[in-house]
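Q: I have a structure open here and have not looked at it before. Can we go through it bit by bit?
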Amino acid sequence: MIDLRRGATTISTDRRSIDLDGLLAMLRGSHWAGEMTRELLERAVANSLCFGAYEGGRMIGFARAVTDLATYAYLTDVIVAEDARGRGIGSFLVESILAHPELQGLRRIALFTRDAPALYAKFGFGPMKEGANYMEKGRR
C-alpha cells in the first residue's frame with residue numbers, strides 16, 4: 001500500500017478507502033462508464049491496482065491500472081470530481097501511477113483518451129508507433 005501527499009491531497013492504493021458509491025456516481029457521469037454497475041465496479045477494483053485521491057476524507061479522484069505487473073499496464077477510469085477539477089489532481093494521479101514501484105520496467109503502459117490528450121502527453125504518452133496496429137474486440 002502506498003500513500004503520497006501533496007498539499008491537502010493524498011493518493012492511496014488502499015482499496016478499503018475507496019468510496020464505491022461515490023466513485024460509481026463519478027463514473028456514471030462519464031462518457032465511457034455511464035452504464036457501470038456496482039457489481040462490475042467491485043470486480044474491476046478487486047482486480048486492478050487502484051489509486052484514490054482524497055481530501056479531508058472525501059474521495060475526489062480515482063484511477064486504476066489493469067496490469068500483469070511484469071510487462072504491461074492499461075491505465076483506465078481516470079476521473080476527478082467536478083468540483084475538484086483544474087487543480088492538478090489528475091496529474092497527481094498519473095504521476096503516482098507512473099512512480100508506483102510495481103509498475104517500473106514495464107514494456108508498455110497504454111491508455112485511451114478522448115478528453116485529455118494534453119494531460120497524458122506531458123507524461124510521455126503519444127500515438128502508437130507507425131506500423132503498429134491497435135486492434136480490439138468489444139461489445140457493439
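Predicted model: local features only at pLDDT ≥ 70, side-chain atom pairs only at ≥ 80, totals over all residues.

Q: In what sense do strands β1 and β2 pair?
A: The pairing is antiparallel and runs over four bridges, with β1 covering residues 3-6 and β2 covering residues 9-12.

Q: Which residue stands opposite Asp3?
A: Ser12, in β2.

Q: Where does the charged end of Arg6 sit?
A: The charged end of Arg6 is over the ring of Phe92, 4.3 Å from the ring centre. Phe92 is one of the buried residues of α3.

Q: Then α3 next. How many of its residues are buried?
A: Eight of the 11 residues in α3 are buried, so the helix is mostly covered. Besides Phe92, the buried ones include Ile89, Leu93, Val94 and Ile97.

Q: What covers the buried residues of α3?
A: The covering elements include β1, β2, β3, β4, β5 and α4.

Q: And the core? How many residues does the largest nonpolar one have?
A: The largest nonpolar core has 39 residues. Those with the most contacts inside this core are Ile18, Leu23, Leu41, Phe62, Leu93 and Tyr120.

Q: Which elements give two or more residues to this core?
A: They are α1, α2, β3, β4, β5, α3 and α4.

Q: Take Leu23. What does Leu23 touch?
A: Leaving out residues up to four places away in sequence, Leu23 touches Ile18, Leu41, Met59, Phe62 and Ile79.

Q: Changing topic: how many salt bridges are there?
A: The count comes to seven.

Q: Which residue forms a salt bridge with Asp21?
A: Arg38 does, and the closest N and O atoms are 2.4 Å apart. The pair links distant parts of the chain, with Arg38 in helix α2 (residues 38-46) and Asp21 in helix α1 (residues 20-28), 17 residues apart.

Q: Is Asp21 buried or exposed?
A: Asp21 counts as exposed because its relative accessibility is 52%, and the exposed class takes anything over 50%. Arg38, at 30% relative accessibility, counts as partly exposed.

Q: What about Glu42, which residue does its side chain meet in a salt bridge?
A: Arg38 again, at 2.9 Å from N to O. Glu42 and Arg38 are four residues apart in helix α2, so about one helical turn separates them. Glu42 is partly exposed, with a relative accessible area of 36%.

Q: Which residue does the side chain of Arg87 meet in a salt bridge?
A: The side chain of Arg87 meets that of Glu55, at 2.4 Å from N to O. Arg87 is in the loop between β5 (72-80) and α3 (89-99), while Glu55 is in strand β3 (residues 49-55), so this bridge ties together parts that are 32 residues apart in sequence. Arg87 counts as partly exposed, at 44% relative accessibility.

Q: Which residues do shared partners join into one network?
A: Asp21, Arg38 and Glu42 are joined in that way.

Q: On to the rings. How many aromatic pairs does a search of the whole structure find?
A: Two. In one of them, Tyr74 and Phe112 are edge-to-face, 6.2 Å centre to centre with 65 degrees between the planes. Tyr74 is in strand β5 and Phe112 in the loop between β6 (108-110) and α4 (117-121), so the pair ties together parts that are 38 residues apart in sequence.

Q: How accessible is Phe112?
A: Phe112 has 48% relative accessibility and counts as partly exposed. Tyr74, at 25%, also counts as partly exposed.

Q: What is Tyr74 in contact with, neighbours within four places aside?
A: Tyr74 contacts Arg64, Ala65, Val66, Ala110, Leu111 and Phe112.

Q: How are Tyr120 and Phe125 arranged as an aromatic pair?
A: Tyr120 and Phe125 are edge-to-face, with 6.0 Å centre to centre and 85 degrees between the planes.

Q: Are Tyr120 and Phe125 buried or exposed?
A: Tyr120 and Phe125 are both buried. Tyr120 has also come up already, among the residues with the most contacts inside the largest nonpolar core.

Definitions and conventions
Residues numbered from 1 in each chain as written. Heavy atoms only, no water. Salt bridge = Lys/Arg side-chain N within 4 Å of Asp/Glu carboxyl O. Buried < 20%, exposed > 50% of the residue type's maximum accessible area, 1.4 Å probe, protein only. Pairing = 2+ DSSP bridges. Contact = heavy atoms within 4.5 Å. Phe/Tyr/Trp six-rings, centres within 6.5 Å; stacked < 30°, edge-to-face > 60°. Lys NZ or Arg CZ within 6 Å of the ring centre and 35° of its normal. Core = buried A, V, L, I, M, F, W, Y, C linked by side-chain atoms within 4.5 Å.
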